[in-house]
Amino acid sequence: FSFKYRGRRDMEVEETVFSANVKKDTSVDITKNVYPEHETFRWCPAHEAKKLMKWETNSKAIEAVMENLKK
């Protein structure tokens with residue numbers, strides 16, 4: 001899933017969203033992130049994750065992932 005939006009300088013930016021299925025109780029270590037964009041994470045249902053998103057495009061990305069899982 002990818003989407004475009006207009007940035008501050010009226011430039012179009014494309015973001016790509018990836019998803020993965022993981023086993024329950026999988027350990028995640030974000031301290032080794034090469035690009036430390038994310039400070040924390042938590043496991044939660046998709047409907048809850050959508051509410052936590054700051055940007056509408058992130059909520060739409062979660063919706064797209066959930067729709068793809070239904071296929």
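This is a predicted model: local features need pLDDT of at least 70, side-chain atom pairs count only at pLDDT 80 or more; totals for chains, interfaces and linings use all residues.
Reader: What makes up the chain, and in which order do its elements run?

Author: The chain has two helices and two strands. Starting at the N terminus, the order of the elements is β-β-α-α.

Reader: Why is A49 called buried?

Author: The relative accessibility of A49 is 14%, and buried means under 20%. A49 therefore counts as buried. The residue lies in helix α1.

Reader: How do you know which residues A49 touches, once those up to four places away in sequence are not counted?

Author: Contact means heavy atoms within 4.5 Å. By that criterion A49 touches C44 and I62. For the pair A49 and I62, 13 residues apart along the chain, the separation of the C-alpha atoms is 7.8 Å.

Reader: Why is A46 called partly exposed?

Author: A46 is also a residue of helix α1, and its relative accessibility is 24%. Buried requires a value under 20% and exposed a value over 50%, with partly exposed in between. At 24%, A46 therefore counts as partly exposed.

Reader: Which residues is A46 in contact with, leaving aside neighbours within four places in sequence?

Author: A46 is in contact with I62 and M66.

Reader: How do you know that the span of α2 is close to the expected one?

Author: Helix α2 has 15 residues, and at 1.5 Å a residue a reach of 21 Å is expected. From the first C-alpha to the last, α2 reaches 22 Å, which is close to that value.

Reader: Which residues of α2 are buried, and what puts them on the same side of the helix?

Author: The buried residues of α2 are S59, A61, I62 and V65. They cover an arc of only 155° around the axis, and therefore lie on the same side of α2. An α-helix has 3.6 residues a turn, so residues three or four places apart point the same way. The face of α2 turned away from the buried side carries E56 and K70, which are exposed.

Reader: Why is K60 called partly exposed?

Author: K60 lies in helix α2 and has a relative accessible area of 43%. That value falls between the limits of 20% and 50%, so K60 is partly exposed. The C-alpha atoms of K60 and K50, 10 residues apart along the chain, are 8.1 Å from each other.

Reader: What volume does the largest pocket have, and which residues lie nearest its centre?

Author: The volume of the largest pocket is about 1,700 Å³. Its lining consists of 31 residues, with V17, F18, H38, M53 and I62 nearest the centre.

Reader: Which elements supply at least two residues of that lining, and which gives the largest share?

Author: Strand β2 (12-16) and the helices α1 (46-52) and α2 (56-70) each supply at least two residues of the lining. The largest share, six residues, comes from α2.

Reader: How many residues of the lining are nonpolar, polar and charged?

Author: The lining of the largest pocket divides into 20 nonpolar, seven polar and four charged residues.

Reader: How much of the chain counts as buried, and what share of its contacts joins residues 24 or more positions apart?

Author: Of the 71 residues of the chain, 8% count as buried. Among contacts with a separation of 6 or more, 20% are between residues 24 or more positions apart.

Note on methods:
Residues are numbered from 1 along each chain as its sequence is written. Side-chain values use heavy atoms; hydrogens and water are left out. On a 1 Å grid over the protein atoms alone, a cavity is a set of points where a 1.4 Å probe fits but cannot get out, and a pocket is an open set with protein on both sides within 12 Å along at least five of seven lines; lining residues have an atom within 4 Å of a point. Grid points are joined across faces, edges and corners, and a volume is the space filled by probe spheres set on the points. Helices (H or I, at least four residues) and strands (E, at least two) are DSSP runs, numbered from the N terminus. Ala, Val, Leu, Ile, Met, Phe, Trp, Tyr, Cys and Pro count as nonpolar, Asp, Glu, Lys and Arg as charged, and the others, Gly among them, as polar. Buried means under 20% relative accessible area, exposed over 50%, partly exposed in between (1.4 Å probe, protein chains only). The expected span of a helix is 1.5 Å times one less than its number of residues. The arc is that of the directions from the helix axis to the C-beta atoms.
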